[in-house]
Every structure is written in structure tokens, then in C-alpha cells.
Amino acid sequence: MSSMTVLQSILLVTALAGTASVLVAASCSLAMLSKMVNNMVSLSVGILLATALLHSLPEAFSMEGAKPQFLFATLLAGLLGFFLLEKIALLRHDHHHEGDGHHHHHGHDAENAGRSGWMILVGDGIHNFVDGILIAAAFMADHQVGIFTAIAIIAHEIPQEIGDFIVMLNAGFSRARALLYNLICGLSAVVGGVLAYFFLEKAHAAMPYLLVVASSSFIYIAVSDLIPQMHRRPHWVESLRQTVLIACGVGFVILLSLLH
């Protein structure tokens, strides 16, 4: 691929990754959103794990100059890093609710809800910026890996954006405002992708390590965040549906690799 084609791909895919999940969330009713979340979580697990283990990691280990011991150390550091980031986010999260025994001034809960909405937006903006960097690094390593990385990111963003959209509506945002602000945050993926393209263009030695970081984020999200959500619904019928959807996610990634 030419240099310009790579940049065009990064622009197109980061814009899609940053906005597609937001538009899906905004276009559905609350009842439909809650139903979609469960199915999308299971499907996302299959896509995330298959992308990380069948494409990104093999590509990273096959790149010239990549040292397996350093790549495994990067994978370990990535997993622990995402664990610490999530811990920090959880520690900063405000769990106040009505009837908790604390005395607050009138309107405290509305203010609290509003702050939670803005915190969601800030967190999403940073998250999408990092996603843009990972997508750009993947495309600069290999076009096919870039496509799979983008698909995996979009897949796990849809249930996350649905949940965030519900939180923002509960925080007092109108549908129009929630959509507008989420789209603006989503476009931070484009900023991250463009900056990564220009700063990483000559740093090819960093590519395998960035692919491993992307893989560690996919594995951590699937194993730490999504699979525990699935275990909260232990009924055998639901478990069968989850297994089928995971297999569909894996099969989707494999089919794309065979067709590409």
C-alpha cells in the first residue's frame, strides 16, 4: 500500500470506529439497548480474543527485529497496566445513591448524575484517542491486521457505548446532546490515528510492541470485563446462547481472514 493509502485507511477506519457504535446506541430505544448489550458482549468476546490471538500477536511475533522475550514482557506489562488503569477508574467512581445515609443538599443527586455523564465523556475521549493510535499502528504494520483491529475495537465499543449512552440519558442529557457529545468524543480516535501515523511512520521498531499492547487490551477487556458479565446469567439456555455467539465471533474473524 502507498503511504497516502495507509493514511486514508487510517482516517476512514478511525472515523468509523469512533462513530459507528455511538450511532447504533443513539438509534435504539432503551428497551432494545438493554437487550442488545447481552448479545453484543458475547459476540465481542469471540471477536476480541480471536483478533488478539489469531492475528495481532502472530503478526507482532513475525515482524523483523521482534524479540519474543520482550514481546511477552510487553504483553504482561500491558495486562497489568490495564488492570491498574481500571483500578484507578473504579476508585475514583462515585457510588453515592439515594438512601445511603448521607445528608446532602437538595439537588445533590442531579448534580452527581450530571458529573457522572461528563466523566463518561472524558473517559470515552481518552479511550477513543488510544484506540485511534492502536488502529494506526496496526495499519502501518499490515493492512489486514489493521482491519481486524478496527473490527475488534468497534465490536467491543458497541456494548460499551450502549451502556454509556444509557448512563448519559439518566444523567439528564437529552438524546440529541448525548449523541452530539459522544460523536465529538468518538472523533478523538481520528486525532489519535493521524498523530500516530506521523509520529510512528519512521519508528517501525515500535510496531510489534504496539500490536502486543493492542492485543493485551483486547484480552484484558474480554477476560476481565466481558466474561464476568456473562457469568452473571448462569441459566443453561443463556449459557448456550453465549457459547454460540462467542463461536460466531471467532468464526467471523476466521472467515474474514480466509476471504481477505
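G65 is placed in the loop between α2 and α3, where helices (H or I, at least four residues) and strands (E, at least two) are DSSP runs numbered from the N terminus. At 62% relative accessibility, G65 counts as exposed, the classes being buried (under 20% relative accessible area), exposed (over 50%) and partly exposed in between, with a 1.4 Å probe and protein chains only. G65 and P208 are separated by 143 residues in sequence, yet their C-alpha atoms are 8.9 Å apart in space. The model is predicted, so that local features require pLDDT of at least 70 and side-chain atom pairs count only at pLDDT 80 or more, whereas totals for chains, interfaces and linings use all residues. Residues are numbered from 1 along each chain as its sequence is written, and side-chain values use heavy atoms, with hydrogens and water left out.

The chain contains nine helices and zero strands, and its pattern along the sequence reads α-α-α-α-α-α-α-α-α. Of the 260 residues in the chain, 42% are buried. Contact is defined as heavy atoms within 4.5 Å; among contacts between residues at least 6 apart in sequence, 84% join residues at least 24 apart. The chain exposes about 13400 Å², of which carbon and sulfur atoms supply 71%; accessible areas come from the Shrake-Rupley method with a 1.4 Å probe, and for residues only the protein chains shown count as cover.

In soluble globular proteins, nonpolar side chains tend to be buried together. A nonpolar core is here a set of buried Ala, Val, Leu, Ile, Met, Phe, Trp, Tyr and Cys residues joined through side-chain atoms within 4.5 Å. The largest such core has 55 residues, and I10, L48, I135 and M140 touch the most other members. Two or more residues are given to this core by each of α1 (3-26), α2, α3, α4 (108-141), α5 (143-170), α6 (175-186), α7 (188-200) and α8. The largest share, 12 residues, comes from α5. With residues up to four places away in sequence not counted, I135 touches V13, T14, A17, T149, A150 and I153.

D131 is located in helix α4 and is buried, with a relative accessible area of 6%. Leaving aside neighbours within four places in sequence, D131 is in contact with I153 and E157. D131 and G193 lie 62 residues apart in sequence and 7.9 Å apart in space, C-alpha to C-alpha.

Aromatic pairs were assigned to rings of Phe, Tyr and Trp (its six-membered ring) with centres within 6.5 Å, planes under 30 degrees apart counting as stacked, over 60 as edge-to-face and the rest as tilted. By this rule the count comes to three aromatic pairs. One of them, formed by F61 and F72, is tilted, with 5.0 Å centre to centre and 55 degrees between the planes. Because F61 lies in helix α2 (residues 30-62) and F72 in helix α3 (residues 68-92), this pair ties together parts that are 11 residues apart in sequence. F61 is partly exposed at 29% relative accessibility, whereas F72 is exposed at 52%. The rings of F82 and Y220 have centres 6.5 Å apart and planes at 25 degrees, so the pair is stacked. This pair links distant parts of the chain, with F82 in helix α3 and Y220 in helix α8 (residues 207-231), 138 residues apart. F82 is partly exposed, with a relative accessible area of 22%, while Y220 is buried, with a value of 12%.

A search of the whole structure finds one salt bridge, defined as a side-chain nitrogen of Lys or Arg within 4 Å of a carboxyl oxygen of Asp or Glu. This salt bridge joins the side chains of R241 and E238 at 2.4 Å, N to O. The two residues are three apart in helix α9, so R241 and E238 are separated by about one helical turn. R241 is partly exposed, with a relative accessible area of 38%, whereas E238 is buried at 15%.

The elements giving two or more residues to the nonpolar patch are α2 and α9 (236-259). L54, found in helix α2, counts as partly exposed at 44% relative accessibility.
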